[in-house]
Amino acid sequence: MLLLWREAAPIEVPQDLKQPPTIVKQSVKDYIVDPRDNIIIECEAKGNPVPTFSWRRNGKFFNIGKDPRVTMRKRSGTLEIGFRSGGRPEDYEGEYQCFATNDLGVALSNKILLRVSKAPLWPKEVLEPVMVTEGSPLVLPCNPPPGLPPPYTFWMNSGMVPIPQDKRVSMGLNGDLYFSNVLAKDAHTDYSCNARFPFTHTIQQKNPFTLRAVETHTHNHSNTRRKVAESTPNFLSPSGSESTKMVLRDEKLLLECIAAGLPTPTVKWFKKGGDLPARKVKFENYNKTLKIINVSEEDAGEYVCMANNHLGSIRHSIFVQVKAAPYWLDKPTNLVLAPDENGRLVCRANGNPKPNIQWLINGQPVESSPPNPSRQELGDTIIFRSVQMGSSAVYQCNASNQHGYLLANAFVSVLDMPPRMLGPKNQLIKVIENNRTFLDCPFFGSPLPELRWFKNGQGSGLDGGQYRVYINGTLEIKRARAEDEGTYTCLANSILGSAENQVRLEVKEPTRIVRAPEHQSAIRGSTARFNCKVKSDPTLPITVTWTKDDKPLNMGWRLRKDEESLTIPNVNEGDEGTYSCTVKSEIDQDSASARLTVLDRPDPPIDLDLSDPAARSIRLTWIPGNDHRSPVTQFLVQFEENRWEPGRWQNLSTYPGDLNSVILQLAPFVNYQFRVIAINSVGQSKPSRPSLRYKTSGAAPDAIPKGLRGWGSKKDNMEISWERNGPNLRYNVWWRRKELEEEWNNVTTMESKYVVQNTETYVPYEIKIQAMNEFGPGPESNVVTGYSGEDKPTDAPTDLQMSKVDDTTAHIHWKPVDLNSVQGEFKEYRLYYWRESSLVPGLVVSKEKKTKGFYSTVAGPSGILSDLVPYSKYKMFMVVANNRFEGPPSNTVEFTTKEGVPDAPRFFRINRRSFDTIHLQWDKPLEPNGILIAYQLKYHTVNGSRVGHTQLETFYPNVTDFSLRLPDRSTRYKFFLSARTTVGAGEVFAEESPHFANEAYIDQVDIATQGWFIGLMCAIALIILILLIVCFIKRSRGGKYPVRDKKDLPLDPVDQKDQDGSFDYHSDEDNKPLQGSQTSLDGNVKESDDSLVDYGEGGDGQFNEDGSFIGQYTVKKDKDETEGNESSEATSPVNAIYSLA
């Protein structure tokens, strides 16, 4: 008969279906509790129906109801044991096991060994002082009281300071303190072992040891000298030449070798038959301890430790055995079967020794449970054939050996259920491109359905390639790409039906920081800026947060954050730290960090101390201040003295930043105090507090005055001057004529100069000087040469002439003077020249004199005069000069330069007066350098980097403008303009025409300055004037109307104004005749009693320059009320015009 086997799969049974209990939470097997707290033993289980719980203690039923201190939590098997009403936690120590039961089976917890933590007191004991010879080994035992769990031991003195440990002195794994050899400095009275108990957090201290080191002495010729005997190595721990060690698999292996000897031995480790596993082995306690974590079977073997010094070596072998408590190879899992299906439960475990496998059903051994024909036990496997409804149960597998046990629950549930989907419908999953992706499709059915995946409802099932379907329904996409986006359908099929669900997948670009912050140093008070530029999927919103030292950064008034950076202005020391930028989207994140180091000026040095005083030196020592993360590069030592310049600090010397003690070289007879300034890359510190004063004794000067020189301020003297080299000094000065071997002249002065009178003109002197004070004279200076004063040269250069003249240069020659006539140090022949006139008619020139020097001592001197203006008339003469005077002038020479090429035109303008015309204007050059014969204009079109054909225009010298029509408005030109003489074209003036579209301008021609417009306006003004005169004449001939009848007429026709107060000369009344008059079609005016003059106020009415009347319109007053009206009319301009007519 063919049996179809299906291994158990990690498929969750829906909670709404009946299922046996399953333990989901329980306390650890070895459970140590704090006696000060309530005892809580956990046991949680799930199942349908909800399980009930019971407990066994030490293998017997634990009746919870009979103990008032024990309660069980609702819907849970967790026990809580309280001691408020009394009782001892130790009474509840023992082995506990929880049973979770429902209608379908019983699940078991592990056997939980409950123990109460203990921290026993150290036994009282009297410790005698330990006497040991210097150089001998010593072990101070600790022997801490046994606690649960074992305490952590350490050694301290009475001041609660740890005992220093090193290669010679160290604590062993058992807590003892080992001395490889005892030295005299080890003698103390307070070696105390301490035990710290972790649960109670208490420390207990053993009575202290008193250690006394006994010195050894050797007598040699009646002299006693100390000598410690050396010794070869021997092991203090472990003893003997070999030992064994057993360790369990996955635990920690600790091997220890502590050796005695003088000198202190060095310990090395080896493994026979192979190398030590470098990745797992660590050496601790100064190489005395070998540590291997997570031990495995291959770590078994012989380990050798060797201790050696220069006197010899010793070895110890440790044989390590690796045992193993049971560990799973194949842990049984829940099995769901449909009626008539087959299955199996497998329980495979390994260990050393090999564990024993035992099966239980609902907590009872298989052999004591009712027989079941569909079940067969075959060692570590139980086989099920053609299971039937009602055969559900919980099976336990127990694997045990002498080192421990494993217990696993696995239920067998017989169900008949069509396929169903357990997850949310139509879920949207967003993933990052190129990431491994899982699409979950939890399902259930019995018999177990077959699950297939489809993409976008097309094709065959997805499996293979970059797709992998797990038995629990999950689809793995090994590397998601953009083309993997779409709708995925999972379909579960069985003989009882089918069910499906859909998952929509969107693939997004990763969120990443493309410009990360970088480590930087910032000076205090400056601004620091960290970049954090992010690139992300445009469809995913992101948030950027900054932290400092892993704490949120508050953006206050000072810190500023934008999209790509964080700015920290006015940096201070509190800003130093590690700044992290984290960018998050809903599905991924990226972060980057950088450290900000704040630099500042160093703190001033402190504790200045003076030592080692000497006559002319002293040692200055100081303690450097905080350098604020910028190393000190220099120290500046300053001094102040209270005799000559009190209160003024002066620089003495600088020293490298790694020194803090220097010898200062001092001057005599000065009362010094010093201060120090530290300098780093940021700047200088504040000065330190001044040192104590130190006064040097007096002494004769030891320095020679600097800057000794002799020179004449007059023709018959010589001033000898020098620099002072100290206060309160006198100076001995010697001088004599050089090369005459005469006696030295000598004078003593307090000043810094001396004047020798009645000397000959410009003769050399030998000079020397010596400083002296009340303690004696200093060293003499070397002899220097000085000169008496200079006088005016007596001779003039002769026969000054030109040999070759072109447009800008001229060659000159002259006869030299006798150098004795210079009466001083010969400096140069100085040529004076000036431009007398230009040969260009009408050109005015500057006649400013210029000079040029020529140094020459040859018999026939010559030179070249350059930078002359072409086509000009020049004059020149020459003198000879010493340091103070010039001699008489030579003959004056006149010459003319040849014609040259002209300068560039004075200006060159390009104006665009219309869309298709440009106008060029220029002016003649400032320096034509000849007679202008023409202007030359070259131009070509420009279009980006392309240049058009060059065209040439030539103009007469009196032409200074040119108009050019453009082929189209967008054309641009480059123009090159130069003036020409007969010699050739001069300097070019280049300009480019403006662009029409956006950068050019079209000349705004002022129409008011155009001749035709002025003429037109004058003609219009003249016509208006004539019309007004005719109008006034006509109205005057029409007579007057009585004012009596007219004075009460309304003012509207003549005084109508706009809202802003201005007169409106275009109102409706403009087309009406004046009151009391009648206008005919031919323009004749009938007789009237009023005229325009009647509406003027005396002589205020007048005409403007264009002939328009500007008088103010007002109603004429009654003749009875206003006198002199007749005369007013007679003198008005209107009447005057009328009389002319």
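## The second largest pocket

The lining of the second largest pocket is made up of 16 nonpolar, six polar and six charged residues. In this count, Ala, Val, Leu, Ile, Met, Phe, Trp, Tyr, Cys and Pro are nonpolar, Asp, Glu, Lys and Arg are charged, and the others, Gly among them, are polar. A pocket here is an open set of points on a 1 Å grid over the protein atoms alone, with protein on both sides within 12 Å along at least five of seven lines; its lining residues have an atom within 4 Å of a point.

Which residues lie nearest the centre of this pocket? They are Ala667, Pro668, Val670, Gly726 and Pro727, out of 28 lining residues. The elements that give two or more residues to this lining are β61 and β62 (650-656). Strands like these are DSSP runs of E with at least two residues, and helices are runs of H or I with at least four, numbered from the N terminus.

## About the model

This is a predicted model, in which local features need pLDDT of at least 70 and side-chain atom pairs count only at pLDDT 80 or more, while totals for chains, interfaces and linings use all residues. Residues are numbered from 1 along each chain as its sequence is written, and side-chain values use heavy atoms, with hydrogens and water left out.

## Two cis peptide bonds

Most peptide bonds are trans. Here, though, you can find a cis bond between Ser237 and Pro238, with omega at about -5 degrees. Pro238 sits in the loop between β22 (231-237) and β23 (242-248).

Another cis bond links Asn352 to Pro353, and its omega is about 0 degrees. Look for Pro353 in the loop between β33 (348-352) and β34 (356-361).

## Two neighbours with positive phi

Most residues other than glycine have a negative phi. His628 has a positive value, near 50 degrees, and Arg629 has one of about 70 degrees. His628 is in the loop between β60 (617-623) and β61 (634-641), and Arg629 lies in the loop between β60 and β61 as well.

Is His628 buried or exposed? His628 is buried, because its relative accessibility is 8%; buried means under 20%, exposed over 50%, and partly exposed in between, using a 1.4 Å probe and protein chains only. Arg629 is partly exposed, at 35%.

## A helix residue on show

Finally, find Trp1012 in helix α1 (residues 1011-1037). Trp1012 counts as exposed because its relative accessibility is 56%.

Key. On a 1 Å grid over the protein atoms alone, a cavity is a set of points where a 1.4 Å probe fits but cannot get out, and a pocket is an open set with protein on both sides within 12 Å along at least five of seven lines; lining residues have an atom within 4 Å of a point.
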